[in-house]
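Hi there,

Here is the structure I promised to pass on to you. Please open it next to this email and look up each residue as you read.

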Amino acid sequence: MQAYLFVHFKEKRTPDGEQVYFGVSKDGFMWEEVNDGNPVLWSYYGDKGVRDFTITRTKEGRFVILATDLSLSYGMLNQYQHSWDEIGRNGSKCLVLWESDDLIHWSDQRMVKLGDEDFGCLWAPDVIYDKKNDDYVIHWSSSHSSNNYGEKGIYYSRTKDFVNFTKAQVLYRKEDSGVIDSAMYEEEGKYYLFLKSEKNPSRIILMESENITGPFEKIEDFDQSMEALQEGLYEAPTAVKLEDGRWCLFLDFYGCSAEEQGYVPFIADKMSTGNFIRSDQSFKFPYGYKHGTILTITMEEYERLKSYKKMPSEY
């Protein structure tokens with residue numbers, strides 16, 4: 001049997017929201033909080049806040065969390081002058097990284113600089129293992145000096161060890177809008193890339209490629225799955241393959257107050273069909289999850305996380 005871990009943050013007005021939280025589930029449908037709903041990890045470097053997580057299990061069985069280095073609670077009124085454009089241009093050029101062997105004991109926080117001074121803030125990393133190259137592709141969204149920090153594109157870097165990284169390259173750009181919040185999955189030898197399109201439409205889109213770094217083509221049938229959703233209210237796609245072989249896609253709904261924000265689930269028999277059916281009634285979350293990633297875990301790991309309690313002195 002398999003269980004599930006959701007690594008996420010909470011969109012609170014206080015700094016404790018922009019830290020690392022865990023949720024767990026035995027079936028991917030009913031979710032429970034970990035550590036009594038308190039942060040599992042806390043960011044002390046960079047902007048001293050972390051958002052937009054991804055987590056991966058390496059082929060050696062080690063766990064890696066990557067996150068956007070950004071705190072709106074600390075920084076929006078201070079160094080960023082209440083301006084998203086200022087963040088886009090002058091935000092952190094680093095991602096935040098933690099590693100663990102057991103999901104309980106984590107390494108010290110590391111700042112991983114993947115962007116040079118031509119990059120704006122590095123947003124929403126995601127990781128996928130490349131079987132052909134035997135390495136990991138880290139991809140994220142960023143603005144860039146090449147278009148005067150205008151519409152964002154998706155960039156990527158490769159690593160074998162999460163210590164040494166290749167120079168960032170373009171993974172995907174959309175001709176008529178910026179794209180953010182990339183999430184990539186493999187199914188039957190093809191690669192599927194979910195993106196938030198910022199315009200035309202302002203919705204989640206799904207791309208397909210024979211190769212992990214593209215070129216990518218749009219799956220038009222997925223647009224029909226999304227057409228009933230109001231534009232501009234969903235972001236941060238993350239998907240997981242359930243034990244019965246179906247895919248569950250979660251979209252982060254932000255058309256409400258910050259404390260209520262959370263994910264909406266969609267189910268598909270196969271990724272390649274693009275046919276995802278909204279399934280709210282099947283799912284339950286203990287509180288509003290915000291922009292994260294789901295990892296398949298074992299039942300032993302689930303039980304370990306369920307009993308985990310971190311004392312304030314351990315942060």
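Below is what was found in it, topic by topic.

This is a predicted model, so local features need pLDDT of at least 70 and side-chain atom pairs count only at pLDDT 80 or more, while totals for chains, interfaces and linings use all residues. Residues are numbered from 1 along each chain as its sequence is written, and side-chain values use heavy atoms, with hydrogens and water left out.

**Salt bridges**

A salt bridge here is a side-chain nitrogen of Lys or Arg within 4 Å of a carboxyl oxygen of Asp or Glu. By this rule the count is 28 salt bridges.

One of them joins R57 to E301, with 2.9 Å between the closest N and O atoms. R57 lies in strand β4 and E301 in helix α4 (residues 299-306), so this pair ties together parts that are 244 residues apart in sequence. Helices (H or I, at least four residues) and strands (E, at least two) are DSSP runs, numbered from the N terminus.

Are these two residues buried or exposed? Buried means under 20% relative accessible area, exposed means over 50%, and partly exposed is in between (1.4 Å probe, protein chains only). R57 is partly exposed because its relative accessibility is 30%, whereas E301, at 9%, counts as buried.

Another salt bridge pairs E99 with R110, the closest N and O atoms being 3.0 Å apart. E99 sits in strand β6 (residues 94-100) and R110 in strand β7 (residues 110-113), 11 residues apart. E99 is buried at 14% relative accessibility, and R110 is partly exposed at 26%.

E210 and K190 also meet in a salt bridge, at 3.7 Å from N to O. E210 is in the loop between β14 (204-209) and β15 (217-218), while K190 belongs to strand β13 (residues 190-197), 20 residues apart. Both E210, at 48%, and K190, at 28%, count as partly exposed. Salt bridges that share partners also join R62, E99, D101 and R110 into one network.

**An open sheet**

Next, find the open sheet of 4 strands, with the order β16-β17-β18-β19 and antiparallel pairing. Two strands pair if DSSP finds at least two bridges between them. The edge strands are β16 (234-241) and β19 (277-278), and each pairs on one side only. Between β16 and strand β17 (residues 247-253) there are 6 bridges, and Y234 stands opposite F253 in β17.

**Cysteines**

How many disulfides does the structure hold? A disulfide is a covalent bond between the sulfur atoms of two cysteines, and the test used here is a pair of cysteine sulfur atoms within 2.5 Å. The structure holds 0 disulfides. For C94, the closest cysteine sulfur is in C121, and at 10 Å that is too far for a bond. C94 counts as buried at 17% relative accessibility, and C248 is buried too, with a relative accessible area of 0%.

Y45 is found in the loop between β3 (31-33) and β4 (50-57), and its 47% relative accessibility makes Y45 partly exposed.

Enjoy exploring!
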